[in-house]
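Me: I would like a close look at a single part of this structure. Please treat that part in one connected account.

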Amino acid sequence: MTEVGADAVIHLKEVSVAFNAERPALDDVSVELTEQRIGVIGANGSGKSTFARLLNGLIRPTSGSLRVHGRDPVREGKELRRMVGFVFSNPDVQVIMPTVVEDVAFSLRGRGLQRSEADARVAATLDRVGLTALGDAAAHTLSGGQKQLLALASVLVTRPALVIADEPTALLDSVNSRIISNHLLDDAHHQVVIVTHDMRLAARCDVVLWFDGGRLIEAGAPRTVIDAYERMSA
Ligand SMILES: Nc1ncnc2c1ncn2[C@@H]1O[C@H](COP(=O)(O)OP(=O)(O)OP(=O)(O)O)[C@@H](O)[C@H]1O
Ligand SMILES: [Mg+2]
């Protein structure tokens with residue numbers, strides 16, 4: 001049973017992305033996704049990150065069209081980015097402010113919240129990811145896993161309708177990897193697109209997309225798509 005809204009739809013129609021004259025990074029991709037947990041797998045350079053970055057308007061399609069939660073990322077990128085949270089592998093590129101509390105609070109700037117409401121949301125989010133005791137710690141002194149939790153808290157505090165996570169567990173040990181994955185996958189309030197080379201993580205999704213050479217080879221039930229990908233890669 002999911003709680004994500006009826007407008008939690010990602011729709012790509014004949015989308016291609018060409019950065020240069022060589023082979024396109026994404027090649028004629030059409031797909032409609034309504035599942036809550038969307039896994040994205042494929043070899044290095046297959047187009048996964050390009051797909052992820054398209055979804056909040058950071059990259060524009062060279063041709064074709066897309067809509068994300070009812071919005072056109074090209075024309076309505078600014079509005080869309082307020083509803084979308086991004087989590088990368090390396091939290092160092094995401095942690096901005098000196099302390100843990102300040103970093104999470106920074107995400108709420110410009111959202112018109114009362115100070116007391118913002119403070120309460122920050123506290124609740126830190127509690128949720130288990131970072132309350134480190135609230136006043138200098139962000140740069142956190143371990144890699146703690147920094148990734150901080151990056152996640154800074155995303156979740158905005159209550160995004162869609163979270164896009166590009167290899168969020170790549171630098172983490174198995175314990176932190178599981179904690180981050182659980183926060184991303186077991187939250188019915190957001191739809192999540194998770195790019196990963198970890199097939200156990202992909203298997204926990206509701207649907208898996210397999211990219212190869214910029215083409216969407218298969219989109220379907222996780223076990224079926226993962227098995228096909230692993231047969232190809234063997
Ligand atoms: N900004 C860019 N400028 C030029 N080429 C790019 C750019 N971004 C990606 N590419 C190219 O597009 C292709 C797809 O890259 P992308 O980053 O989407 O792959 P990926 O599937 O995320 O790979 P990985 O698993 O290594 O992260 C690659 O050939 C890459 O070199
Ligand atoms: Mg990538």
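What should the 12 residues of helix α6 (residues 174–185) span at 1.5 Å a residue, and how far apart are its end C-alpha atoms?

Reply: This is a predicted model, in which local features need pLDDT of at least 70, side-chain atom pairs count only at pLDDT 80 or more, and totals for chains, interfaces and linings use all residues. Residues are numbered from 1 along each chain as its sequence is written, while chains are lettered from A and ligands numbered from 1 in the order in which they are written.

Helices (H or I, at least four residues) and strands (E, at least two) are DSSP runs, numbered from the N terminus. The expected span of a helix is 1.5 Å times one less than its number of residues. For the 12 residues of α6 this should give 16 Å, and the end C-alpha atoms are 16 Å apart, which agrees.

Within α6, the buried residues are Ser 177, Ile 180, Ser 181, His 183 and Leu 184. They lie on the same side of α6, because they cover an arc of only 160 degrees around the axis; the arc is that of the directions from the helix axis to the C-beta atoms. An α-helix has 3.6 residues a turn, so residues three or four places apart point the same way. On the other side of α6, Ser 174, Val 175 and Asn 182 are exposed. A residue is buried if 20 or more other C-beta atoms lie within 10 Å of its own, exposed if 12 or fewer, and partly exposed in between, with C-beta atoms placed from the backbone.
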